[in-house]
Amino acid sequence: ASRIWRARVVIAVSRQIRDAWISAARPGQIVAIPNGIEAGPEHDPAAARAASGLEAGRVWVGWLGRLVRRKGALDLLQACATLAGGPGGSPGGGAAADLRVLLAGRSSSDPRERIYRDEIERLLSRDPRLGPRVLRVEDPETRPRLIEALDVLAVPSYWEGCSRVVLEGMRDGRPIVAYASGGTPELLQDGESGLLIPTGDVRALAAAIGPLLA
């Protein structure tokens with residue numbers, strides 16, 4: 001709070017952040033200005049998939065971000081395991097049979113976050129519905145146009161100020177399924193420009209992604 005008082009103007013990247021700080025600020029001191037991104041090339045998902053190296057003829061659900069707990073990668077994997085598995089863990093049919101999952105982002109050096117990474121690795125090694133379907137990319141910068149190459153972009157973050165990944169997904173014309181956390185509902189209108197899911201509801205996440213696979 002003392003840092004806010006010393007500044008003439010404070011820029012918040014979402015109204016949610018502005019409103020959280022406003023009680024510690026002077027009237028009009030905090031201004032909400034969302035992040036911006038550069039314009040992208042004309043949409044060409046087929047060319048993007050070829051450039052990114054994602055296998056053709058599959059349905060790709062993707063997650064991009066820092067591999068930390070609040071970004072919700074484990075939630076997405078659990079939802080996709082549900083979609084991929086039929087009764088008793090048998091392979092799912094229809095579009096789910098071609099489901100592939102992109103997990104793109106660097107791991108954290110924080111010991112607490114390494115525990116989270118280990119949880120993800122255990123899930124991938126133990127669940128036969130997931131292991132063969134998941135492509136792990138440690139450095140997304142080495143794979144151009146990843147977001148544009150996806151069929152569905154998932155952003156199951158437990159908190160975001162103004163998500164650059166959401167903005168890039170909108171720019172690239174991708175269907176987006178996201179947790180309604182932080183400033184994300186300021187970017188997406190549920191049912192119009194994306195699907196917003198109650199934060200932490202893995203079943204609802206799977207239920208939202210499922211119809212998009214078809």
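The crossing of helices H4 and H5 is left-handed. In this description, a crossing is left-handed if the near helix is turned anticlockwise from the far one by less than a right angle, and right-handed if clockwise. The structure is a predicted model, in which local features need pLDDT of at least 70 and side-chain atom pairs count only at pLDDT 80 or more, while totals for chains, interfaces and linings use all residues. Residues are numbered from 1 along each chain as its sequence is written, and side-chain values use heavy atoms, with hydrogens and water left out.

Two packed helices are described by the angle between their axes and the distance between the axes. Helices (H or I, at least four residues) and strands (E, at least two) are DSSP runs, numbered from the N terminus. Axes are lines fitted to C-alpha atoms, for helices over the stretch in contact, and angles run from 0 to 180 degrees between N-to-C directions. The axes of H4 and H5 (residues 111-126) come within 10 Å and cross at roughly 15°. H4 is therefore roughly parallel to H5. Angles under 35 degrees count as roughly parallel, over 145 as roughly antiparallel, 65 to 115 as roughly perpendicular and the rest as oblique.

Contact here means heavy atoms within 4.5 Å. On the H4 side, Ala73, Leu74, Leu77 and Gln78 meet Tyr116, Glu119, Ile120, Leu123 and Leu124 of H5. By class, this contact of H4 with H5 has seven nonpolar, one polar and one charged residues. Ala, Val, Leu, Ile, Met, Phe, Trp, Tyr, Cys and Pro count as nonpolar, Asp, Glu, Lys and Arg as charged, and the others, Gly among them, as polar.

H4 (residues 73-84) also packs with helix H9 (residues 202-213), their axes coming within 9 Å and crossing at roughly 55°. That angle makes H4 oblique to H9. H4 passes H9 in a right-handed crossing. From H4, the residues Asp75, Leu76, Gln78, Ala79, Thr82 and Leu83 take part. Their partners in H9 are Val202, Leu205, Ala206, Ile209, Gly210 and Leu213. The contact of H4 with H9 has eight nonpolar, three polar and one charged residues. Gln78 of H4 is in the contact with H5 and in the contact with H9.

A search of the whole structure finds 18 salt bridges. A salt bridge is a side-chain nitrogen of Lys or Arg within 4 Å of a carboxyl oxygen of Asp or Glu. Arg58 forms one with Asp98, the closest N and O atoms being 3.0 Å apart. The pair links distant parts of the chain, 40 residues apart. Arg58 is in the loop between helix H3 (45-52) and strand E3 (59-64), and Asp98 is in the loop between H4 and strand E4 (99-104). Arg58 is partly exposed at 25% relative accessible area, and Asp98 is partly exposed at 28%. Buried means under 20% relative accessible area, exposed over 50%, and partly exposed in between (1.4 Å probe, protein chains only).

Another salt bridge joins the side chains of Asp19 and Arg18, at 3.0 Å from N to O. Asp19 is partly exposed, with a relative accessible area of 45%. Arg18 is partly exposed as well, with 24%.

Glu148 and Arg145 meet in a salt bridge of 2.9 Å, N to O. Glu148 is buried at 2% relative accessible area, whereas Arg145 is partly exposed at 32%. Salt bridges that share partners join Glu38, Arg164, Glu168, Arg171 and Asp172 into one network.

Arg145 has a further feature in its backbone. Most residues other than glycine have a negative phi, and most peptide bonds are trans. Arg145 has a positive phi of about 60° although it is not a glycine. Arg145 is found in the loop between strand E5 (134-137) and helix H6 (146-149).

Ala178 lies in strand E7 (residues 176-179). Ala178 counts as buried, at 0% relative accessibility. Leaving aside neighbours within four places in sequence, Ala178 is in contact with Val155, Thr184, Leu188, Leu195, Leu196 and Ile197. Ala178 and Ile11 are 167 residues apart in sequence and 24 Å apart in space, C-alpha to C-alpha.

Gly194 lies in the loop between helix H8 (184-187) and strand E8 (195-197). Gly194 counts as buried, at 9% relative accessibility. Not counting residues up to four places away in sequence, Gly194 touches Ile176, Leu188 and Gln189. Gly194 and Ala178 are 16 residues apart in sequence and 7.6 Å apart in space, C-alpha to C-alpha. Leu188 is in contact with Ala178 and with Gly194.
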